[in-house]
Amino acid sequence: YGLDDPRVGYDAIIQAESGFTFMNGEVGSRGQPTKMPVALVDLLAAHQLKEAILLALWQRDRTGEGAHVHVSLLGAAVASLANQATGYLV
């Protein structure tokens, strides 16, 4: 949720709040939202964190300065929906 939000993030909850469970549900009016079979949001956030750490190390190597890195589960989930959003708008 972010540094300023006291809530704890759980993958299944973030999947629902970001729309993943809706997109993963069955087709038709009787389809129920369904959780992804893996902790996808955790994996997406871990990937973003890895990239942030690599960039911080690169910055330290070039400038000698450290960096603060932050990753949000909800932010990672929403960012990964860029292609879905584009498809919806087209």
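Visitor: In which helix does His 47 lie?
Guide: Happy to start there, with a reminder that this is a predicted model. The elements of the protein run α-α-α-α-α from the N terminus on. Among them, the one where His 47 lies is helix H3.

Visitor: Is His 47 buried, partly exposed or exposed?
Guide: Its relative accessible area is 45%. Buried would need a value under 20%, and exposed a value over 50%. The value of 45% is in between, so His 47 counts as partly exposed.

Visitor: How far apart in space are His 47 and Gly 75?
Guide: Along the sequence, 28 residues separate His 47 from Gly 75. In space, going from C-alpha to C-alpha, the distance between the two is 12 Å.

Visitor: Let's turn to Gln 15. Is Gln 15 buried or exposed?
Guide: Gln 15 has its place in helix H1, which covers residues 11-18. Leaving aside neighbours within four places in sequence, Gln 15 is in contact with Phe 20, Thr 21, Lys 35, Met 36, Val 38, Leu 40 and Val 41. Its relative accessible area is 0%, and the cut-off for buried is under 20%, so Gln 15 is buried.

Visitor: Which elements give two or more residues to the largest nonpolar core?
Guide: That core has ten residues: Tyr 1, Ile 14, Phe 20, Leu 40, Val 41, Ala 45, Leu 73, Ala 76, Ala 77 and Leu 81. Two elements give two or more residues to this core: helix H3 (40-63) and helix H4 (73-79).

Visitor: Which residues does Leu 81 touch, beyond those up to four places away in sequence?
Guide: Leu 81 is one of the ten residues of the largest nonpolar core. So is Phe 20, which is also among the residues that Leu 81 touches. With neighbours up to four places away not counted, the list is Ser 18, Phe 20 and Met 23.

Visitor: What radius of gyration does the protein have?
Guide: Along its principal axes, the C-alpha trace spans about 55 × 35 × 25 Å. A compact globule of 90 residues would have a radius of gyration near 12 Å. For the protein, the value is 16 Å.

Visitor: How much of the accessible surface belongs to carbon and sulfur atoms?
Guide: Of the 90 residues of the protein, 21% count as buried. The accessible surface comes to about 6,700 Å². The part that belongs to carbon and sulfur atoms is 59%.

How values were computed:
Residues are numbered from 1 along each chain as its sequence is written. This is a predicted model: local features need pLDDT of at least 70, side-chain atom pairs count only at pLDDT 80 or more; totals for chains, interfaces and linings use all residues. Side-chain values use heavy atoms; hydrogens and water are left out. Helices (H or I, at least four residues) and strands (E, at least two) are DSSP runs, numbered from the N terminus. The radius of gyration is taken over C-alpha atoms; the globule rule is 2.2 Å times the number of residues to the power 0.38. Buried means under 20% relative accessible area, exposed over 50%, partly exposed in between (1.4 Å probe, protein chains only). Accessible areas come from the Shrake-Rupley method with a 1.4 Å probe; for residues, only the protein chains shown count as cover. A nonpolar core is a set of buried Ala, Val, Leu, Ile, Met, Phe, Trp, Tyr and Cys residues joined through side-chain atoms within 4.5 Å. Contact means heavy atoms within 4.5 Å.
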